[in-house]
Amino acid sequence: MESFCEIHGVEEPRTLLYPNQYEERKALKKLIHEAGLFRHLAQGLDRPLWNVYTRARYMYSNAEVTGKWTPKEHKKLMQLYEQHGPRWALISKSLGRFEDNIKQRFRHTRRKSMGRWSAKESRLLIQAVQAVTGKQDVTNVTSGISWQACSDFMNNVRNGRQCHNHW
């Protein structure tokens, strides 16, 4: 990151990872895209660009709190989500935690059921796939399914990944 900043005359690496927080956001985004910041960072690493991006943001984040979540923090997260929706950057400022950490915590807590699927849940999944695809016969349907929409249809009894894996 430091070498990229040195080459391109950027004083603060954080500006490249959080460009929306700065007035010169358009110029920063243009530099990031045209100069290939994340490809530069990924050189020599056998990692997808998204992993490189996430790790770099984590390293340069201003997260004050790390580690296990307290029940109080969890309750505050749920309140903030009710208030602001999935605006993770805004919630991050209130909780002092890294955005992706907050997002993962929230997604993890939406999982209400684990283990074996009941017959009722399986029937509900079939109804969800029918509703989402608009087809009555879904026995051979395997693509074009929004698993998150199925999860929502099922009142989030199971998350999208669980619905996909069970299907």
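The average for the protein is a pLDDT of 86, and 97% of the residues score at least 70. The model is predicted, so local features need pLDDT of at least 70 and side-chain atom pairs count only at pLDDT 80 or more, while totals for chains, interfaces and linings use all residues. Residues are numbered from 1 along each chain as its sequence is written, and side-chain values use heavy atoms, with hydrogens and water left out.

The charged pairs come first. Side chains of opposite charge can pair when their charged atoms come close. A salt bridge is counted where a side-chain nitrogen of Lys or Arg lies within 4 Å of a carboxyl oxygen of Asp or Glu; by this rule there are 3 salt bridges. One of them joins R57 to E99, with the closest N and O atoms 3.1 Å apart. This pair links distant parts of the chain, since R57 belongs to helix α5 (residues 49-59) and E99 to helix α8 (residues 99-109), 42 residues apart. R57 is buried at a relative accessible area of 8%, and E99 is buried at 17%; buried means under 20% relative accessible area, exposed over 50%, and partly exposed in between, with a 1.4 Å probe and protein chains only.

R97 forms a salt bridge with E73, again described by its closest N and O atoms, which are 3.1 Å apart. R97 lies in the loop between α7 (88-95) and α8, whereas E73 lies in helix α6 (residues 71-84), so that the pair links distant parts of the chain, 24 residues apart. R97 is buried, with a relative accessible area of 2%, and E73 is buried at 14%. The charged end of R97 also sits over the ring of W69, 4.3 Å from its centre; this requires NZ of Lys or CZ of Arg within 6 Å of the ring centre and within 35 degrees of the ring normal. R14 likewise lies over the face of Y18, at 4.3 Å from the ring centre.

A further salt bridge joins the side chains of E121 and R158, at 3.0 Å from N to O. E121 in helix α9 (residues 119-133) and R158 in the loop between α10 (147-153) and α11 (160-166) are 37 residues apart, and the pair links distant parts of the chain. E121 counts as buried at 11% relative accessibility, as does R158 at 2%.

The aromatic rings form another set of pairs. Rings of Phe, Tyr and Trp (its six-membered ring) pair if their centres lie within 6.5 Å; planes under 30 degrees apart count as stacked, over 60 as edge-to-face and the rest as tilted. The whole structure holds 7 aromatic pairs. Among them, F38 and Y53 are edge-to-face, 5.0 Å centre to centre with 80 degrees between the planes. F38 in helix α4 (residues 37-42) and Y53 in helix α5 are 15 residues apart. F38 counts as buried at 16% relative accessibility, whereas Y53 is partly exposed at 23%. Ring pairs link F38, W50 and Y53 into a cluster.

Key: Helices (H or I, at least four residues) and strands (E, at least two) are DSSP runs, numbered from the N terminus. pLDDT is the predictor's confidence in each residue, from 0 to 100.
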